[in-house]
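Here is a short note to read alongside the model. Keep the picture open and find each residue as it comes up.

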Amino acid sequence: MATTSATNLVPEPGNYSLPVALYQDVVIVLAPQAPATVWPAALQSIKLIVGVVGEEEEYEADLTTDPSRGVIKVESEVSNLWPAQIAWTIQMNWAGAAPIYNQVPANGEVKRVDPKRPRVVK
């Protein structure tokens, strides 16, 4: 009797830590997978979603300034308030003819990498 190992039918999202430092903006630069040099026309948006379900904050990537990459930027005034281990997800939204679908290439938890001095948030 032959045995085979199980393989995922669809790609499994990567699971990563998102290091966040006090007073530092969060900047995520996304590029199409090689050999592509620009995003497919059907890509409608890329979002960084942070928080628990029902209380998420969404930050959209700029896909128009440079079509060879998408840039998500979150100001430090916002990311300073994110607690460690809060969940985050990158969601790619594909448009076009029905069905419209979403893809999650990466997700994980926020990792605080603040300086070792006492943290004061006003």
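The points below go through the sheet, the pocket and the salt bridges.

1. Before you start: this is a predicted model, in which local features need pLDDT of at least 70, side-chain atom pairs count only at pLDDT 80 or more, and totals for chains, interfaces and linings use all residues. Residues are numbered from 1 along each chain as its sequence is written, and side-chain values use heavy atoms, with hydrogens and water left out.

2. Look for the sheet. It is open and mixed, with five strands in the order E1-E7-E6-E3-E4. Strands here are DSSP runs of E with at least two residues, numbered from the N terminus, and two of them pair if DSSP finds at least two bridges between them. Strand E1 (14-20) and strand E4 (57-60) are the edges, each pairing on one side only.

3. E1 and strand E7 (residues 101-112) run parallel and are joined by seven bridges. Ser-17 is a handy landmark, standing opposite Glu-109 in E7.

4. Next, the largest pocket, which holds about 250 Å³ of space. A pocket is an open set of points on a 1 Å grid over the protein atoms alone, where a 1.4 Å probe fits, with protein on both sides within 12 Å along at least five of seven lines; lining residues have an atom within 4 Å of a point. The volume is the space filled by probe spheres set on the points, which are joined across faces, edges and corners.

5. What lines this pocket? There are 14 residues, and Ala-31, Pro-32, Gln-33, Trp-39 and Met-92 are the closest to its centre. Strand E6 gives the most, with three residues. The lining has 13 nonpolar residues (Ala, Val, Leu, Ile, Met, Phe, Trp, Tyr, Cys and Pro), one polar and no charged.

6. Five salt bridges are present, each a side-chain nitrogen of Lys or Arg within 4 Å of a carboxyl oxygen of Asp or Glu. One joins Asp-25 and Lys-73 (3.6 Å, N to O). Asp-25 sits in the loop between E1 and strand E2, while Lys-73 is in strand E5, 48 residues apart.

7. Another salt bridge joins Lys-47 and Glu-58 (3.3 Å, N to O). Because Lys-47 lies in strand E3 and Glu-58 in strand E4, the pair ties together parts 11 residues apart in sequence. Lys-47 is buried at 16% relative accessible area, whereas Glu-58 is partly exposed at 47%; buried means under 20%, exposed over 50% and partly exposed in between (1.4 Å probe, protein chains only).

Notes. Helices (H or I, at least four residues) and strands (E, at least two) are DSSP runs, numbered from the N terminus.
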